[in-house]
Amino acid sequence: MAGRERMASIDAAWLQMEEPANLMMITAVLWFDGAMDLERLRAVVRERLVERYPRFRQRVVPGPLGAPHWEDAQDFELEEHLSTLRVPESAGREGLEALVGDWLGVPLDRSRPLWHFHLVRGAQGGDVLLARLHHCIADGIALARVLLSLTDPVDAGAEVPDTEAGAARAAAPGSLEAHDEDSSAVTPSEPERRPGPPGWLRLARGARSALRKGAEMVREPILAGDLVREGAKGAAALGKLLVLPPDPRTPLRGPLSPRKVAAWSEPIALERVKAVGRALGGTVNDVLLTVVTGALRRYLATRDAPLEDVHALVPVNLRPMDVPVPRELGNRFGVVFLRLPVHLAEPRRRLREVMKRMEHLKRSPEAVVMSGMLELLGRTPAALERAVVDVMGTKASLVATNVPGPRQPVSLAGSRLAGLTFWVPQAGHVGLGVSLFSYAGQVTMGVASDASRVPDPGAIIAAFQAELDSLATLAP
């Protein structure tokens, strides 16, 4: 793709939405069994990411009247987007979570294509890949599919043809001189420099096909086909969104800071969640959202906050899952406002209420309406867009994503993927992101938050695990 290409308005909306305390990045953390071959990883990223999807070798530049454009980066070097850093094994899970949280607050270098992979050496159990990608490239579901297209089935013995046709059938910066995987304290250079703790947590800046058999992605819990409505229904949904009252004042909402924090759970057996659903009459999605609701109730109680319902912004895929992700990527999704029944103390009542509210959303055109609104905002001045997004942000307290991943184990560059979690950005002044990602019969909950809003994301993880235990005891 030569020359310049105007950025789609919905993609431009996410570019304009960014501010220092709220970066519009999608962040993924993938952990592996054992060490990864760096040269093999480079080859896979070059072949299946950079050469397949033009956006990964293009930078963003202003066009006429300031409208953003994509432009080929003639000086593109893969080494500037794939760096390594090392952490001591003694750092453990908490140290790795601190590292990820630190990078959540570091903006991507806008003079280069807007993505970066960090290969983290030295973590307990094996290497970790931290991927940071700007939302203007694509939505989170598309990028999850793209990242998983780098993988192979663990038993793959032969090269698979270079095609993405099997995706749906299967079921989702640093400089070369600083690229030193043995260095434990290389400071990011401008514009990524930011204050941080000393030592190894002053992080290093040195750092093709579609899902194959065994790398399955299943359909979204809320289906695009359930959401497409026209005419008066769409207008009514928009009016309802505009008059939606602000969420109650709780520690989850308020001014944001540049400092971010992250935590994630140990993998939870998906069969355990299914068993609870079978016993109590709900889907896996219903059970997980009910457990998230109960975890928020427990957390708010520890902060002496009102136990009132709060809204979660839930991204909804509007792209057909039975066709490949287009080479141009882009954003093709909407969002719905799911009111979580925090006020209900009894878990079974919470589950029934979650099911009722989810069923209502499945019949609503809300996601399509919000997708259109985002596209419209991308054509407005950045200041106006931020004002509208801030107003909409007052109507929610968190962003919640639930993405199903491969059903069977996969490997990347020859290293078996042990687990992963990821987060999409929180628009407006929403300071909490909760993600649920299922993989190989397990589900992982991840929490990313603004340190001034939820300084202890591990507490929500602990509450989630306690709430699942509590719900499981009710299953006969």
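**Reading strands and helices in a predicted model**

Q: Which residue of β14 is the bridge partner of Pro-153?
A: The bridge partner of Pro-153 in β14 is Val-410. This is a predicted model, in which local features need pLDDT of at least 70 and side-chain atom pairs count only at pLDDT 80 or more, whereas totals for chains, interfaces and linings use all residues. Residues are numbered from 1 along each chain as its sequence is written, and side-chain values use heavy atoms, with hydrogens and water left out.

Q: How many bridges join β8 and β14, and in which sense do these strands pair?
A: Strands of a sheet pair through backbone hydrogen bonds, either parallel or antiparallel. A strand here is a DSSP run of E with at least two residues, a helix is a run of H or I with at least four, and both are numbered from the N terminus; two strands pair if DSSP finds at least two bridges between them. In this model, β8 and strand β14, which covers residues 410-412, are joined in the antiparallel sense by 2 bridges.

Q: What is the strand order of the open sheet of 7 strands?
A: When you read across that sheet, the 7 strands come in the order β5-β6-β7-β2-β15-β14-β8, and their pairing is mixed. At the edges stand β5 (82-86) and β8 (152-153), each of which pairs on one side only.

Q: Which strands does α3 touch where it packs on the sheet?
A: To read such a packing, you look for contact, meaning heavy atoms within 4.5 Å, and you compare directions through axes, which are lines fitted to C-alpha atoms (for helices over the stretch in contact), with angles running from 0 to 180 degrees between N-to-C directions. Helix α3 touches β2, β5, β6 (115-121), β7 (128-134) and β15 (415-423), and the direction of α3 makes about 15° with that of β7.

Q: Why is one side of β1 and of β3 left without a neighbour in the sheet of 3 strands?
A: This open sheet has the order β1-β4-β3 with antiparallel pairing. Strands β1 (4-6) and β3 (58-62) stand at its edges with a single partner strand each, so one side of each has no neighbour in the sheet. From one strand to the next, the twist averages 35°.

Q: How many bridges link β3 with β4?
A: Strand β3 and strand β4, made of residues 68-72, pair over 5 bridges in the antiparallel sense. Within this pairing, Val-60 has Trp-70 of β4 as its bridge partner.

Q: At what angle do helices α8 and α9 pack?
A: Angles under 35 degrees count as roughly parallel, over 145 as roughly antiparallel, 65 to 115 as roughly perpendicular, and the rest as oblique. Helix α8 (residues 270-280) packs with helix α9 (residues 284-302) at about 95°, and their axes are 8 Å apart. The pair α8 and α9 is therefore roughly perpendicular. On the α8 side the contact is made by Leu-270, Val-273, Lys-274, Val-276 and Gly-277, and on the α9 side by Val-284, Val-287 and Leu-288.

Q: How do the residues of the contact of α8 with α9 divide by class?
A: Ala, Val, Leu, Ile, Met, Phe, Trp, Tyr, Cys and Pro count as nonpolar, Asp, Glu, Lys and Arg as charged, and the others, Gly among them, as polar. The contact of α8 with α9 holds 6 nonpolar residues, 1 polar residue and 1 charged residue.

Q: How far apart are the axes of α10 and α13?
A: The axes of helix α10 (residues 347-362) and helix α13 (residues 457-474) lie 10 Å apart, and the two helices pack at about 95°. By that angle, α10 and α13 are therefore roughly perpendicular to each other. Helix α10 brings Pro-347, Arg-348 and Arg-350 to the contact, while α13 brings Glu-467, Ser-470, Leu-471 and Leu-474. Sorted by class, the contact of α10 with α13 has 3 nonpolar, 1 polar and 3 charged residues.
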